[in-house]
Amino acid sequence: MLAASAKGALWLAFASVVAALGQEPIITFDSSASALQIAGGAVSKGQVLVSSNDYWGVIRAAGDLAIDFGRVTGTNYTLSNGKSSSQPASYVYRPVNNMNNTFYTTTGTANFTGPAYSDFSASNVVIIAGTIGHSTVIDDLISSKAIDVSAVTGKWESFVSQVVKNPVPGCSAALVIAGSDPRGTIYGIYDISEQIGVSPWYFWADSPVRQKKEIYVLPTKKVQGPPSVKYRGFFLNDEQPALTNWVASHWSDTPYGAGFGPQFYGLIFEVLLRLRANYLWPTLWATMFEVDDPGNQPFADAFEIVLGTSHTEPLMRAQNEFGKFYQGPWAYNLNNETIDDYFRFGVQRAKQYARNSLWTVGMRGTGDTHIEGLGVDHIVEMLHTLVHNQREIMSTGLETNITSIPQLWCLYKEVMTYLFAGLQVPDDVTLLWADDNWGNVRRLPLLNETSRAGGAGVYYHFDYVGDPRNYKWINTIQLAKTTENMHMAYSRGADRVWIVNVGDMKALEIPINHYFDLAYDTKRWGLDSTSEWAKLWAAREFGTDNAAAIGGILEKYGMYAARRKFELIEPQTYSVINYNEADAVLTQWSELVAEAQGIYDKLDEAAKPAFFQMVLHPAIAGEIVNKIYIGGAKQSLFSGQKRNSANDVINEVLAVSDEDVGLTNRWDALLDGKWKYFMDQTHLGFDGYWQQPMRNTLPAMSYVQTAFASVAGHVGLGVEGSNATVQGDDKWHSNSGNNLAIPPMDPYGPLTRYFDVFTRGTKVCTWTASPWQPWVKLSQYTGTVGPKGSDTRVFVSIDWASAPKGPYSSTININVTTPCRGMDKYGFRAPMIQVPINIRAIASNFTKGFVESDGHVAITGAHYQAIVPPATTSADSTNVTYHKFLHYGRTGSGMGLVPLSTEKLTVATAPALEYDLYLFTNHTAANVTVFISPALNYLGDGTPLEYGIALYPAGKSAPTAPTLVRPVGATVGTNMPDGWGYAVGDAVWGRIGNYTTSGFAVPQEGAYKLRLWALMPGIVVQKIVVNLGGVRPSYLGPPESFLVGRDSLGKYNQSSFLDEVDTVGGRGKGKCKRATLS
């Protein structure tokens, strides 16, 4: 595999030397004296040579390679077994009788036919491929010492590829691929396919194939494998409506449902192998893989795909088989004889395919639920008996020692708690730990569990149906978070099985590819590899010209989509009144779509379908959903303020809804309807419920009757930070009050605040705003609003050079007047906007640190002033430090401990992050909230996630006993820890509840230090907010505060999170402009 030191060279050389993503390159399109030409020149029609005695799956893959050369060069290569007039390879099997699924019988024999052979032509042979010990041609080369395979012999899924001179009589030189086992050979074959320019996604995402006439092989010998993780696969799940509808539209129904047969699954098997994966959990909801078509199970074996079954489907039987074909309850304590027979049938049916089987053991309740009607102690006792019997059934049925049969027990949901209640898992069974369905590993191996013969693995999710809400429409995965979680798993020894739930699979191509690359070569793709991976992926799919830009789009999209999955967005998610938050979110999406569209417009026509599917469509779709819900929030605000423009927003939201329909229609029409039905998934209108809506619906909106003016007058005012309006009464301000205050202004706060002037009537009206002090500046002092005109946002700023010298605290009024006064003048006085002013100075010796403004300090976790070494060194804390996770979290980055294998530390043995603060408010306690990634107690509830925190005057010593915070409570039964639903929905612990909030006294104004000790990896700090009474409701929290030593007075805006230094997709280069719905 490619060494980490070669990363930079790989990227720079990509234009002329092509690599399978992240792997060592051996193909080039440039000629050289030492390179072997395998296409073009004297090679008019090359041949791929295999041996007849090789595995059917290897021969089939070699046939794919021959066709792949045709995709690239325009001329298909031929496939030969070294003979003439040969019949295609045949895989023979005994089909199960799927009309009787309780008594095992077969229906004779059947076969799968491999690719056609051409007559052998030694002079045309350019590639020879085969499996060590199963390929005559490869074994002959080994015997003659033409190739040395000692580096891969006996290893799992490894291969050697090298140019060999005179490999067979009549062939002067060829590229030889020798695999340690059939999948090793297949990966070596597809390695060439990918390097010559055929993406693994050529079918499933229509990735373009760039035409090349001349192709060369470098003289380098390549040794690749074994993979980092032994079994790497995905779970097709939650497949209705999208995937099921698509399959039903392409293939005839089976006797039991939609046409999930070999024609469909062959496409799945192929993409798995091209992605260097090897393992599948087939569809579950309304299918029965082995029953729907008797060819499915043998076809997987023929392809060399390791077949498994999901966490709720033991011993190779589909979930729906028991209820359809067997009598009695799915309850082992009540119906064990029937259930044992059910298991025996599964073993009998799979016996002839056992070489490529990974057996799920254990049992859950009916229909992917927990076991009901028994206490935990009885469940544990029953499961001990059940698994003992399952293992006897397997050992007897497969006629082999049970320890030689690959098995796993998926510790999903409540099953994990049985382990803590005394469940004993046989040592040779893999412990498949599960995430929480939201990409956060729940439990990983402890030190005393790493030596188990069965090892450990992870069941992960990119798609889910369940609490707190379904997410299965399109991609909402942040690659950097996947990297962090899976590296954590790998570092703790969970490297036997990685399986990920991918729902319909379509629309998840990017996170799937990334996940499998991590699994295949975890060391190659380190913690900071996401940006590089995204660029290389983009280069492979769309060429190098736009690779960096596309990679950036992928990272930004992943952050925007993951900070709040589309299905969980509601009108109240992002604040439309505080911190310019909603407008900033729309700005990011608008800029992202513009960037993606700009690249799309420049691409060749052949590349546009793939780019639309994987990059442009999700960006447009994400913007649409956010515009709909933020539009709904603005409409609620505007209608509450009785603005005429509230009705305009209704129309705008309806127009955006039409865009959503149009986008789905565009998808359905793509490539003559190839992917129609894959966007059938509903995604609007969950209304607080977890299950998918049966039809897309818009958020509730209220129509304002505009025939008559408001009784409070034609012109209204609203201010930043409030739903209230004046003149007039509403529930948001005191009755008969005519003044509204904008949030406070001071030299260390936002450069501007705003108020809105809008029409609530039937006349065209002028207005004039007059500050009481000349150093209070407005973006506009007069204007016009009317029934057909637009509302006006007026920005307030302060000329601090002309303002009074501090300390100074006052409220400056702004009169807003209009000649459009009618009868309203008798009931309502003219309104005023009030501007609270605080002019304060920090001490001259405070030269670095964050400064309070507006009653709070907000800090990006990565902007610490120091990393404080541990007070005491220990073996556990050697080389432990903090790492900045880039392009991570909700806006930019996170800080957490590395190495990820570090055991839990104490305050004395842990390093600390230290932040300097200057606080002015000293009449209240400071509530410090730490926004951390939604991790769980991955070392068990007995070793919970924990951090220490202290806020203390800068002149004093740090407390030796800081506040200890354990944000994650215990998991009890089927319940998740308290607050978990909010944490995964918000993508942080800290937004809702007091799980990460600690109170500290602030005895006086002055400099303070905030020190935070993460006591274990998994505590990833994204943001810290010190609330001194001024924090207002929002989703992302206040923008980062002024940092002395970095920011300049009058230049650092901090009006929204876009202004933060590290915000991904922020104003870093001044390119972001305010984007609003109305």
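## A buried tyrosine and its aromatic partner

Tyr-515 has a relative accessible area of 0%, so this residue is buried (buried means under 20% relative accessible area, exposed over 50%, and partly exposed in between, with a 1.4 Å probe and protein chains only). Phe-462 is buried as well, at 2% relative accessibility. This is a predicted model, in which local features need pLDDT of at least 70 and side-chain atom pairs count only at pLDDT 80 or more, while totals for chains, interfaces and linings use all residues. Residues are numbered from 1 along each chain as its sequence is written, and side-chain values use heavy atoms, with hydrogens and water left out.

How many aromatic pairs does the structure hold? There are 70 aromatic pairs, where rings of Phe, Tyr and Trp (its six-membered ring) pair if their centres lie within 6.5 Å. Planes under 30 degrees apart count as stacked, over 60 as edge-to-face and the rest as tilted. The ring centres of Phe-462 and Tyr-515 are 5.6 Å apart and the ring planes stand at 85°, so this pair is edge-to-face. Phe-462 lies in the loop between strand S19 (456-461) and helix H13 (479-491), and Tyr-515 in helix H14 (residues 509-520), so the pair ties together parts that are 53 residues apart in sequence. Helices (H or I, at least four residues) and strands (E, at least two) are DSSP runs, numbered from the N terminus.

## Charges over rings

Two arginines are worth a look in the viewer. The charged end of Arg-793 sits over the ring of Tyr-754, at 3.8 Å from the ring centre. For Arg-890, the charged end sits over the ring of Tyr-1035, 4.7 Å from the centre. A charge sits over a ring if NZ of Lys or CZ of Arg is within 6 Å of the ring centre and within 35 degrees of the ring normal.

## Two packed helices

Helix H17 (residues 581-602) and helix H18 (residues 608-640) have axes that come within 9 Å and cross at roughly 160°. That makes H17 roughly antiparallel to H18 (angles under 35 degrees count as roughly parallel, over 145 as roughly antiparallel, 65 to 115 as roughly perpendicular and the rest as oblique). The axes are lines fitted to C-alpha atoms, for helices over the stretch in contact, and angles run from 0 to 180 degrees between N-to-C directions.

## Backbone details

Now for some loops. The peptide bond from Asp-467 to Pro-468 is cis, with omega near -10°, and Pro-468 is in the loop between S19 and H13. Another cis peptide bond joins Val-726 and Gln-727, with omega about 0°; Gln-727 lies in the loop between strand S21 (715-719) and strand S22 (739-741).

Leu-671 is in the loop between helix H19 (645-669) and S21. Its phi is near 50°, a positive value in a residue other than glycine, and Leu-671 is partly exposed at 37% relative accessibility. Tyr-677 is also in the loop between H19 and S21, with a positive phi near 90° and 28% relative accessibility, which counts as partly exposed.

## The annotated C-terminal region

UniProt lists residues 849-1040 as "domain: Gylcosyl hydrolase 115 C-terminal" in an unreviewed entry. UniProt positions are given in the numbering used here, feature names are shortened, and annotations may be inferred rather than shown by experiment. The span is 4% helix and 37% strand, and its end C-alpha atoms lie 12 Å apart.
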